[in-house]
Number of protein chains: 2
Amino acid sequence: MGVLLNMKVAVIGAGSTVFGELFGRSYADLVLEAVKECLNSVDKGFELKEVEAIWLSTAIGTLIRREGCISCEVADTLRLYNLPITRVENACSSGGDAIRNAAFAVAAGIYDKVLVIGAEKMRDVPSRDTVIAFSGELRHQWWHPRGLTAPGWAALYAVAHMNQYGTKEEQFAEVAVKNHEYGSMNPKSQFKFKVTLEQVMNSPVVAWPIRLLHCCPVTDGAAAVILANPEIAKKYTDAPVYLVGTGLAVDSFYMGWRESYTYSPAMVSAAKQAYKMARIEPKDVDVAELHDCFSPVEIMLYEDLGFCPKGEGGKFIEEGLSRLGGKVPCNLSGGLKTKGHPIGATGVGQAYEIWKQLRGEAGKVQVNGAEIGLTCNWGGPGSIGVVNIYRRP
Amino acid sequence: MGVLLNMKVAVIGAGSTVFGELFGRSYADLVLEAVKECLNSVDKGFELKEVEAIWLSTAIGTLIRREGCISCEVADTLRLYNLPITRVENACSSGGDAIRNAAFAVAAGIYDKVLVIGAEKMRDVPSRDTVIAFSGELRHQWWHPRGLTAPGWAALYAVAHMNQYGTKEEQFAEVAVKNHEYGSMNPKSQFKFKVTLEQVMNSPVVAWPIRLLHCCPVTDGAAAVILANPEIAKKYTDAPVYLVGTGLAVDSFYMGWRESYTYSPAMVSAAKQAYKMARIEPKDVDVAELHDCFSPVEIMLYEDLGFCPKGEGGKFIEEGLSRLGGKVPCNLSGGLKTKGHPIGATGVGQAYEIWKQLRGEAGKVQVNGAEIGLTCNWGGPGSIGVVNIYRRP
């Protein structure tokens, strides 16, 4: 492996649209709104024209199945021409990976100030036509026409976890209750209502034990962050946040080749890379944004990220250890479950949430004294993992 | 801009499938074949397991309109699990941009040895269903249903160049004659036959002045290169090639906003960035692979890259200055015209050709003593430009 174990790239600004069913706003509208809020968030001011390069995370095109050349659409939206714009696609892990690639370019000294945009417009087609619905088919997997769509993947994991570790349906439900509670306080959330344990437990079964209230919604949204060379960052803010570790791993898409459905080897590998680069251990993480596309996944992520021993994720939520005031508060934004999951924007939106936490600007859900924050994205059926670690000085 | 003007990343291996109508080989077959040749090309041996991270350039999915999660397909193909794999998409500039992103990660010291793969499977659908056919529609441009597809874009440029600079149809045709001549000697070419000036001039008009024999074909193919830290590279080869400059620029997709159709501002910007980083001037380039998707584009590229003054591209080809033995021999591989244009693979395939040239392994088309080589990709209707510059010690 490479020699650089002390990567330090500053995050000097972050912004996000509200996530939700945004029928009145186009892909371009969302990009512009997120970028504007991001520019305005820079403490000492930052002009769009100072941007030297852009990374774009859009997983599924500006409209479903309308792919390619999206970098040009961003140039047109921002009226920012003849700069480098790279689109990164890595399924649901696209956002975290776009930040990773942008950070490498800054760490290499190629650019001083770059913009990362995550944007996805998913609601303009019916749910049955979304990428979620046909992602198995896309990869020509035999399982898709037999009904094994995304909730089914999550169900396989959930059942395996229940069988192997005695994890209970109530524990899965508790994740949804927690995330709805926090999401209800987030002005950027798609859902701003709370749910009770009974409501989750009585919600319709989608693919047992996955119920409707375990599932994240289909969402429109965009988010943006500005990364900068740490020295240059001083010109823009006295309260920078640093990206200090990043990891990405890709496993087989084919679920039949997994040795176990109780964890994601890709996520474990990505976390290991990120912790190593950041020179920290899981116990050092003060706050995390996790990829709870389905509530049981959050429980597995506690384990895959090392927040608790393998098999004890159910206990971790039950004992409130992932709540505000707990060992590692997770998804204080509401997570994918409540905030929403605009695929390409999700990872960048997580960075926006952690940036606020590490600057002490998270309001009612602020983790006191948070110094180290983590974000992660699961891609495919646990096939891709990306982990980014941020810290304040 | 950033401080690093002396990026130096070694290229220690390169491989490519033959380009063409490869109905008998899948996307995975092509990836595997290119990677195998690439690994075998490393002078002192290189094992697949030594790869630390992968960048993948695939522009249009594994089959047309079947997008997303392609990184997993590469993991499955190579049986290389839980490593980082990032897909980069930037239309026809994807290949050059994937190399650019991989190089940044190596330059940052994150990885010592990374693999860049470009792969595209385009022939499994009829031409009318290819991305070339619907790329205007994809971007919701009004012009597409009115017939302004890719050859029409090139025709607008060609006519403007003829009007403004007196460039002649014979000069466009001469580009095709040259590239067919060189391509006929390239074992990797889709077309291995020569054409005469008369044949080109008498070939059917697609969109005047663009004729059939000015158009690159639709192609299947894959290519791969290994990038390495320059110090580490010494372990693998005594004849490394270095990537010393890279540039990317994105303009509007909308042709109505161009001030002129005689050049690509994106390409001019990308070239400027790459020359600056490489600390060279256009006159230093010994050999180049250009993006001749349509023959008149090659003439504009001579100018946009600074090989000749603006407006003198026609004279440049007429006087043989882009031929072997000329001022800057261009497309000695046959170029997109003859070698073929598997979109995501094209830029990586160009790197493969330049790598051979700079190592003195280009056989009948070897440029004697070539030290500096350049590749470039045009994306969209001249909307994206990427330029990479390589040199040997």
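1. Is A:A239 buried, partly exposed or exposed? A:A239 is partly exposed, because 13 other C-beta atoms lie within 10 Å of its own. The cut-offs are these: a residue is buried with 20 or more other C-beta atoms within 10 Å of its own, exposed with 12 or fewer, and partly exposed in between, the C-beta atoms being placed from the backbone. A:A239 sits in the loop between α8 (230-233) and β8 (241-250) of chain A. Helices (H or I, at least four residues) and strands (E, at least two) are DSSP runs, numbered from the N terminus.

2. On the model itself. This is a predicted model, in which local features need pLDDT of at least 70 and side-chain atom pairs count only at pLDDT 80 or more, while totals for chains, interfaces and linings use all residues. Residues are numbered from 1 along each chain as its sequence is written, and chains are lettered from A and ligands numbered from 1 in the order in which they are written. The average pLDDT of chain A is 93, with 92% of the residues at 70 or above; pLDDT is the predictor's confidence in each residue, from 0 to 100. Where pLDDT is low, the predicted coordinates should not be read in detail. The model has an ipTM of 0.95 and a pTM of 0.96.

3. Surroundings of A:A239. Not counting residues up to four places away in sequence, A:A239 touches A:D43 and A:R359; contact requires C-beta atoms, placed from the backbone, within 7 Å. A:L336 is 97 residues from A:A239 in sequence and 27 Å from it in space, C-alpha to C-alpha.

4. Helix α13 of chain A. After α13(A) comes A:G360, with a positive phi near 75 degrees.

5. Strand β1 of chain A. Eight of the eight residues of β1 (residues 9-16) are buried. β1(A) pairs with β8(A) in the antiparallel sense over three bridges, and A:A10 stands opposite A:Y242 there. β1(A) also pairs in the antiparallel sense with β7 (residues 221-228), over six bridges, with A:V11 opposite A:L227. Pairing here needs at least two DSSP bridges between the strands.

6. Nonpolar core. The largest one has 276 residues, and those with the most contacts inside it include A:L227 and B:I117. Such a core is a set of buried Ala, Val, Leu, Ile, Met, Phe, Trp, Tyr and Cys residues joined through C-beta atoms within 7 Å. Beyond its neighbours within four places in sequence, B:I117 is in contact with residues including B:V31, B:L56, B:A224 and B:V348.

7. Backbone points to check. Most residues other than glycine have a negative phi, and most peptide bonds are trans. A:A91 has a positive phi near 50 degrees; it lies in the loop between β3 (85-89) and α3 (94-107) of chain A and is buried, with 29 other C-beta atoms within 10 Å. A:N331 has a positive phi of about 55 degrees and is buried, with 28 such atoms within 10 Å. The peptide bond joining A:W208 and A:P209 is cis, with omega about 5 degrees. In chain B, the bond from B:W208 to B:P209 is cis, with omega near 5 degrees.

Definitions and conventions:
Contact = placed C-beta atoms within 7 Å.
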